[in-house]
Amino acid sequence: MKIYDGRYVISGLIVFIALATFPVWFNRGKVSPSPEPKLDTPAILEMVQKKCVLAKDEMRIGHMRLLDQWRTEVVRNGRRIYTGMDGKIHEMSFQNECLKCHSNKTTFCDTCHRYVGLSSSTPYCWTCHIAPREND
Amino acid sequence: MNFIISLMAVLALVVAAFLGIEAAGLSRVFGVAIPYAAFILLISGVVYRVLNWASSPVPFRIPTTAGQQKTLPWIKRDRFDNPCNKIEVLGRFIMEVLFFRSLFRNTRAEVDKGPTLYYQWEKWLWLGGLALHYSLLVIILRHLRFFAEPVPSFVPVLGGMDGFLQVGLPGIYVSDAVFMIAVTYLLLRRLIIPRIRYISIPADYLPLSLILAIGVTGILLRYFTRVDLLKVKQLAIGLINFQCVVPEGIGTLFYIHLFLVCTLIAYFPFSKLIHAGGIFFSPTMNLPNDSRMRRHVNPWDYPVEVQTYVEYEERFREKMIEAGLPVAKDIAAGGPAIYSLTKK
C-alpha cells in the first residue's frame, strides 16, 4: 500500500495519537493514592462520637449541596438552625460550624479538591469567607 | 422511524450497562475491559481510516472555486477561497477547522408559492455546529482532571471560567448548558425540517442521540445524583496506569455514562464522526488551485504507443486516394501539402 503525502499523514497521525494518549505519558505510571482528608483537628479529637452533620458517604458526595442549602436557608430565609443526623442540632454557619470542626482547610478540604481538579480559588467561597488559621 | 431506531439503540446500550452492573455485577467489564477495548478501537480505527484514505492518489486539483482564482495581476483574487499555494491552503484549513467557514456560507433555498426561488441567509446550522464542537472541546478538556494527576494547571482555570456564573453548588458550567442546547437544536432540526428529515438515516441520528444521552447522564451525575469523584478518579487513574482498580460502590449511573462514552469512541472511526480526520483528506480543501501554474501528471499514466496523423497518412495514403478521401499531401500533383502537418 503506497501512502501519498506520507510526511503529512504520518505526522498528523502521530499528533493524534500523542493527544489521545496524553494522560498516559503525562502520568508516566505514577500512581498517586486517593487523598486521605485529615480528621485530626482539636475539635474533632474532642468528640466522643466522631460524626459529621450527615452520614459520611452523604457528606463526601453531597457536602456542597448541604452548603448550598445552608446558604439559602440563612441568607434567603433567615433560619439558622439545622437538625442533622440523629437529631443533632447545628447552627447553619459555614465558618462557625463546618470550619470549627474542620479547621484544617489545607489538609482537609484542599487535599480532595486539588485531587479532583478544583483550583485553590475554586470553590470560590474563600474569597469572602475566612479560611481558618493553621499552624501559627 | 429512523430516529426511533437510533433512540432504541441508545436505550439498549443504557439497559445493557444497567443490567450488566445491577444484575450481573460486571463492574470490571464495564469499568476496565470495555474502556480499553473502546480506546484500542478508536486508535486503530482512526489509523486504519487515515491510511486507507492516504493510499488513494489524488493526482489532479479539485479545488472549490468559491472565489476568484489567481490570474492577471489587476484582477482581484480571493486568497483563501481559492488558494494557490500551501500557505494559503493552510489558511483556508485553519478557518475551516476553527470557524467552520464553509458552513457559514450556508443558505436556504425556498420556492415561496410561485416560480421564484429565494435564497435565504441561514446561519443557525453554523452556529449550532460551532457551539456543539466548542462546548464539547471544553468538556473534554475539563475531564482531564480525572485522567491526570497532578491535574494540569490549565484545567482548574478552565473549570473556573466555565463555572463563572457561580450559580448553585456544584456550580453550573456554561459549556454544559451550551452543549445540551446545541445538541437538542441539531436533533430537532433533523426531525422538524421535512427536507432534512427526508435525507436523515439512522447513522445521522445515532451520534446525536448518543451524545445527547451522554450529556444527560453526565448532567445527572454532576448536578443531581452525584457520584464519589474520588472513586471515579481512582478508576480513571488506574486505567491509564494499567493497574485496574475498580472501587466499590461508584453507582450504576456512572457506568452507564462510561459505557455510552466507550460506545461513542469505539464508533467514532467507523461513523460520520470521522469527519474530524476526513476533513484533512477532502481534496476540495487540501489542494491549492494551481492547475494553471503547474502541470499535474497522472501517476497512473503508462506509455501508450501513439501514431501521428502524418504517420497514418503515410501508411494509408494510397488507399485513401482510391477511396476518394482528401489527403494532406497530394502526390499526383507533386505539389505542396494542402495543409502542413508536422510531427512534433
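Let's start at B:F100, which counts as buried at 13% relative accessibility. This residue has a positive phi of about 55 degrees although it is not a glycine, and its place is the loop between α3 (86-99) and α4 (101-104) of chain B. The model you are looking at is predicted, with an ipTM of 0.90 and a pTM of 0.89. Below is a short tour of its backbone, a helix pair and the confidence scores.

**Backbone points to check**

- As background, most residues other than glycine have a negative phi, and most peptide bonds are trans.
- A:D5 also goes against the phi part of that pattern: its phi is positive, about 50 degrees, and it is not a glycine.
- You will find A:D5 in the segment before α1 (6-20) of chain A.
- Is A:D5 buried or exposed? With a relative accessible area of 55%, A:D5 is exposed, whereas B:F100 is buried.
- A cis peptide bond runs from B:E149 to B:P150, with omega near 0 degrees; B:P150 sits in the loop between α5 and α6 (154-162) of chain B.
- Another cis peptide bond links B:L169 to B:P170, with omega near -10 degrees, and B:P170 belongs to the loop between α6 and α7 (174-192) of chain B.

**A helix pair in chain B**

- Helix α5 (residues 124-147) and helix α10 (residues 229-240) of chain B pack at an angle of about 85 degrees, their axes 8 Å apart.
- Because angles of 65 to 115 degrees count as roughly perpendicular, α5(B) is roughly perpendicular to α10(B).
- On the α5(B) side, the contact is made by B:R145, B:F146 and B:F147; α10(B) brings B:L229, B:K233, B:A236, B:I237 and B:I240.
- Sorted by class, this contact has six nonpolar residues, two charged ones and no polar ones.

**Overall form of chain B**

- Chain B holds 14 helices and two strands.
- Its C-alpha trace spans about 105 × 50 × 45 Å along the principal axes.
- The radius of gyration of chain B is 30 Å, while a compact globule of 344 residues would have one near 20 Å.
- Buried residues make up 40% of the 344 residues in chain B.
- Of the chain B contacts between residues at least 6 apart in sequence, 63% join residues at least 24 apart.

**Confidence**

- The average pLDDT of chain B is 89, and 96% of the residues score at least 70.
- Residues 339-344 of chain B have a pLDDT below 50, and this stretch has seven contacts in the model beyond near neighbours in sequence.
- Where pLDDT is low, the predicted coordinates should not be read in detail.

Note on methods:
Residues are numbered from 1 along each chain as its sequence is written. Chains are lettered from A and ligands numbered from 1 in the order in which they are written. This is a predicted model: local features need pLDDT of at least 70, side-chain atom pairs count only at pLDDT 80 or more; totals for chains, interfaces and linings use all residues. Side-chain values use heavy atoms; hydrogens and water are left out. Axes are lines fitted to C-alpha atoms, for helices over the stretch in contact, and angles run from 0 to 180 degrees between N-to-C directions. Helices (H or I, at least four residues) and strands (E, at least two) are DSSP runs, numbered from the N terminus. Angles under 35 degrees count as roughly parallel, over 145 as roughly antiparallel, 65 to 115 as roughly perpendicular and the rest as oblique. Contact means heavy atoms within 4.5 Å. Ala, Val, Leu, Ile, Met, Phe, Trp, Tyr, Cys and Pro count as nonpolar, Asp, Glu, Lys and Arg as charged, and the others, Gly among them, as polar. pLDDT is the predictor's confidence in each residue, from 0 to 100. The radius of gyration is taken over C-alpha atoms; the globule rule is 2.2 Å times the number of residues to the power 0.38. Buried means under 20% relative accessible area, exposed over 50%, partly exposed in between (1.4 Å probe, protein chains only).
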